[in-house]
Amino acid sequence: MKVVLAGGSGALGRRIAADLTARGDEVVVLTRSPRPDDPGRTGRQVGWDGANTGSWAAELAGAAVVNLAGELVDRRPTPANIELLTRSRVQPTRALAEAASRMDEPPIAWVQMSTLAIYGDGGEQVITEDHPPADEPPQMAGVARDWEAAAADAAADRQVILRTAVVFDRDTPALDRLTGLVRWGLGGRIASGRQWISWLHITDLLAIVRRCLDDPSMTGVVHATSPHPVRNDELMATLRLLQHRPPAPPTPTPLLRLGALVLRTDPALALLGRRCVPARLSDAGFTFAFPALRPALADLL
């Protein structure tokens, strides 16, 4: 299978590219900075600007598309950042969709990355793929809705909207920040600690992407998340245990908001939660390598 990765030069994109290449797929990475001589990257690199169609568009004919393009969300929720996050997702997606619409042979599959943050603060609800998106906050639900909408009419034999949990992997911002807090003695629960965390081991994400590319029954919204979400206090306690750290005091909401200012991040990433489950994958018989949190983190740490 030929697979075109848009935004494939980031950490997650490189992991997907390496995984698909290892199984024998022809991988084409659309990137603003092609470096064919870079041994750290996998797949044939093709230049694009992420906004306009060009010679790269020919790569889509008869291929599968995985669209990951977008800036990291870990930044302050200012109007300028919200605009940046939205533009960095919508522009490349529209360029891909426009290119696909001109193909005599459209893409055979389109895996559109999205995020479970589209549900905003889910409270205690168990959220499956049938749950409606939230209206706010704009940096989470708003950006995700616009991202998905940009791909809604893309020409492809089938499309999967892959709403993804926090992916745990070595040397990536999500896990590095959490383990750093624990090392600094700030590994206690955040606020009440009752907020739900939907999470996923990188091994399972790669397997889910493969399943979405290969399985013709996979269409529409699919949750890429462990079947066992955990509360924030359990997540932090597990990280302390695996890093051999003693109990730590909780981080109250005012202190978290102050720390978010210093670290230039969005406090909502820690304060809001979602209890999402992968109903579509479970119904399809998908088997998770790391369904439980402690073995998943132990494997990575």
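**Entry 1: R35**

I began with R35, which is partly exposed, with a relative accessible area of 44%. For the labels I kept to one rule: under 20% relative accessible area is buried, over 50% is exposed, and partly exposed lies in between, with a 1.4 Å probe and protein chains only. I found R35 in the loop between β2 (26-31) and β3 (44-47). Helices here are DSSP runs of H or I with at least four residues, strands are runs of E with at least two, and both are numbered from the N terminus. I also looked up R35 against V46: they are 11 residues apart in sequence, and their C-alpha atoms are 8.9 Å apart in space.

A note to myself on the source: this is a predicted model, where local features need pLDDT of at least 70 and side-chain atom pairs count only at pLDDT 80 or more, while totals for chains, interfaces and linings use all residues. Residues are numbered from 1 along each chain as its sequence is written, and side-chain values use heavy atoms, with hydrogens and water left out.

Next I went to the loop between α4 and β9 (196-197), where S192 is found. S192 has a relative accessible area of 44%, so I logged it as partly exposed. Its C-alpha atom is separated by 9.8 Å from that of R231, 39 residues apart along the chain.

A191 is found in that loop between α4 and β9 too. A191 is buried, at a relative accessible area of 16%. Its phi is near 55 degrees, a positive value in a residue other than glycine. I wrote this down because most residues other than glycine have a negative phi, and most peptide bonds are trans.

I placed H244 in the loop between α6 and α7 (253-263). Is H244 buried or exposed? At 72% relative accessibility, H244 counts as exposed.

The peptide bond from E136 to P137 is cis, with omega near 0 degrees. P137 has its place in the loop between β6 (126-127) and α3 (138-151).

Two packed helices are described by the angle between their axes and the distance between the axes. Axes are lines fitted to C-alpha atoms, for helices over the stretch in contact, and angles run from 0 to 180 degrees between N-to-C directions.

I took α6 (residues 232-242) and α10 (residues 293-300) to start with: they pack at an angle of about 40 degrees, with axes 10 Å apart. α6 and α10 are therefore oblique to each other. The scale I used is under 35 degrees for roughly parallel, over 145 for roughly antiparallel, 65 to 115 for roughly perpendicular, and oblique for the rest. α6 passes α10 in a right-handed crossing, meaning that the near helix is turned clockwise from the far one by less than a right angle. Their contact (heavy atoms within 4.5 Å) includes L235, L239 and L242 of α6 and L293 and L297 of α10.

Then I turned to α4 (residues 173-183), whose axis comes within 10 Å of that of α6 and crosses it at roughly 70 degrees. That makes α4 roughly perpendicular to α6. The crossing of α4 and α6 is right-handed. Which residues meet here? L175, L178, T179 and V182 in α4 meet L235, M236, L239 and R240 in α6.

**Entry 2: α1 and α5**

Helix α1 (residues 11-22) and helix α5 (residues 202-214) have axes that come within 10 Å and cross at roughly 60 degrees. That makes α1 oblique to α5. I noted a right-handed crossing for α1 and α5. Among the residues in contact are L12, I16 and L20 of α1 and L205, L206 and V209 of α5.

**Entry 3: aromatic pairs**

Last, I looked for rings of Phe, Tyr and Trp (its six-membered ring) with centres within 6.5 Å; planes under 30 degrees apart count as stacked, over 60 as edge-to-face and the rest as tilted. The count comes to 3 aromatic pairs. The rings of W48 and W56 have centres 5.1 Å apart and planes at 80 degrees, so I logged this pair as edge-to-face. W48 and W56 are both buried. F286 and F288 form an edge-to-face pair, 4.9 Å centre to centre, with 80 degrees between the planes. F286 counts as buried at 13% relative accessibility, and F288 is buried with a relative accessible area of 11%.
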